Amino acid sequence: MNRIIPLKIQDEHIKKTTNIAGAAGSFHVVTLELTFSETWANTAKKVYFFDAYGENSVCVILTAAMLKPGFDETYCLSIPPEPLAQAGEMTLTISGADTLAVPARMIRSVSTTFEVLPSDLPTADHIPLEPTPGFSDQLQSEINALKAGIDTVTNGLTTVNASVTASASSATASANSASQSDAARLAANAAKLAAEAASTSASHYATQSETSAAAAAQSAKDAATALKPPPSTASNSKMLDTSTKIQKFLQSDKTDVNYQYIHDQYQEFIAATTTGTTSVQAKNRDGDLLYWTDETHKTASTDVSAFPVYVYDYKETTKLKFGFHLDPSGSGFYIPLIELGEGNGVGNHAKGYIYKGVNGLYLDYYSDTDGSLRRILLGDNGISITPYDLQNINFYANGFSVQYSGETLFYTWTMNAAGAITALTTANQVQIPVTWNTSNL
């Protein structure tokens, strides 16, 4: 029985329940169950498949024979061999056409991808052979053989001790029975002393041999241990740097995610937004795809499972950035610099910068329209504004305009009964008093 992957085609978007299509080389073992929204009604539908290389495309027309029994807009389609031929990401796109409508309608889905997992097979079948023992295994075998020899020596010495003890007992008995004979008693005592000496010597020899063997065995073990590779510090279960996004996906929360990203010499403040219409498989900080260990969605790992970890597809925008940059004021050194705003996508247009440069504290802004520099410098000689050159003045019946380096300011005036200007009013309705003096400047 085929594995079923339900797909819901809502307008142009394809919603999936899994990202795994199967193993490379498999085919007609996975069935796509495609359910279409009303947008696709009365259209002739085609499903296009591409392999991981974007090649070997195939097209399957959805016919009435593929309809799921009891359903009008749910089709059952087995994944053909071509997109599963190569490991990687296969691509699926759906198109629909209603040529009878006036005007004719054409709809296409947003392309989606499925993971085709690697499945390596040899070019021929080989009978397995007994493996050659590794060096550490060979050392362990030598240790076991050495231990067996120690046990044999110990058992032999135990037998000798028993024989010597028996001889001593026999000699003692002979001495008791021949108590009337001094010569026999002296001979028995001598035999007993000789037996005890032999027993002590044998025990000492056994102890030395066992100690020496144990030391040799320990040395062999140490050598085997030294040859073993150090334990790996890597782990398939990584800390997730996307944990907030994962939890938002599980809770169907489409609100923004605001966070900091620190890397190299930079610290970025990022705003991430999503529409919630598309999702992608989450990755850890090393770029490895993540999978839940089971359907409880509690623990994630890089070990492949039937439960991929998904997050919404976010648009990420850097709103504020700290870092080291080449000094814009021309010192030739890298200095700390604050970058403000996301800009308009053209170079540094519509971005602001704050930094301590050659002549003081700089506040730079690059025009949104043409990228020209606007600068305020707080230096030892005061405050200077660049560029701010007076270009022309135009007078009107009720006021005048002043143009400074392409920027125009407008003023209207207020007059008294004598016709003298007493105040100027800016475009922002800020009133500036005017004082007349009879002396020269």
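This is a predicted model: local features need pLDDT of at least 70, side-chain atom pairs count only at pLDDT 80 or more; totals for chains, interfaces and linings use all residues.
**Notebook: strands, cysteines and one aspartate**

I began with the element count: the protein chain has 3 helices and 27 strands. These are DSSP runs numbered from the N terminus, helices being H or I with at least four residues and strands being E with at least two. Residues are numbered from 1 along each chain as its sequence is written, and side-chain values use heavy atoms, with hydrogens and water left out.

**Whole chain**

Of the 441 residues in the protein chain, 28% are buried (under 20% relative accessible area; exposed is over 50%, partly exposed in between; 1.4 Å probe, protein chains only). The accessible surface comes to about 28,400 Å², and carbon and sulfur atoms own 56% of it; the areas come from the Shrake-Rupley method with a 1.4 Å probe, and for residues only the protein chains shown count as cover. I also checked contacts (heavy atoms within 4.5 Å). Taking those between residues at least 6 apart in sequence, 49% join residues at least 24 apart.

**A sheet**

I then looked up an open sheet of 4 strands, which runs β2-β1-β4-β7 with mixed pairing. Its edge strands are β2 (13–16) and β7 (74–78), each pairing on one side only. From one strand to the next the twist averages 25°, with axes as lines fitted to C-alpha atoms and angles from 0 to 180 degrees between N-to-C directions. Two strands pair here if DSSP finds at least two bridges between them. Strand β4 (residues 30–36) and β7 run antiparallel, joined by 5 bridges. I found T35 standing opposite T74 in β7.

**Cysteines**

How many disulfides does the structure hold? I got 0, the criterion being a pair of cysteine sulfur atoms within 2.5 Å. I looked at two cysteines anyway. C59 has 39% relative accessibility, so I logged C59 as partly exposed. C76 has a relative accessible area of 30%, so C76 is partly exposed too.

**D98**

Last stop was D98, which is found in strand β8 (residues 88–98). Is D98 buried or exposed? I noted D98 as buried, because its relative accessibility is 11%. Its side chain reaches the backbone nitrogen of L100 at 3.3 Å. Leaving out residues up to four places away in sequence, D98 touches N42, T43, A104 and R105.

Methods
A polar contact is a pair of N or O atoms within 3.5 Å; within protein, one must be able to donate a hydrogen and the other to accept it, and residues adjacent in sequence count only if both atoms are side-chain atoms.
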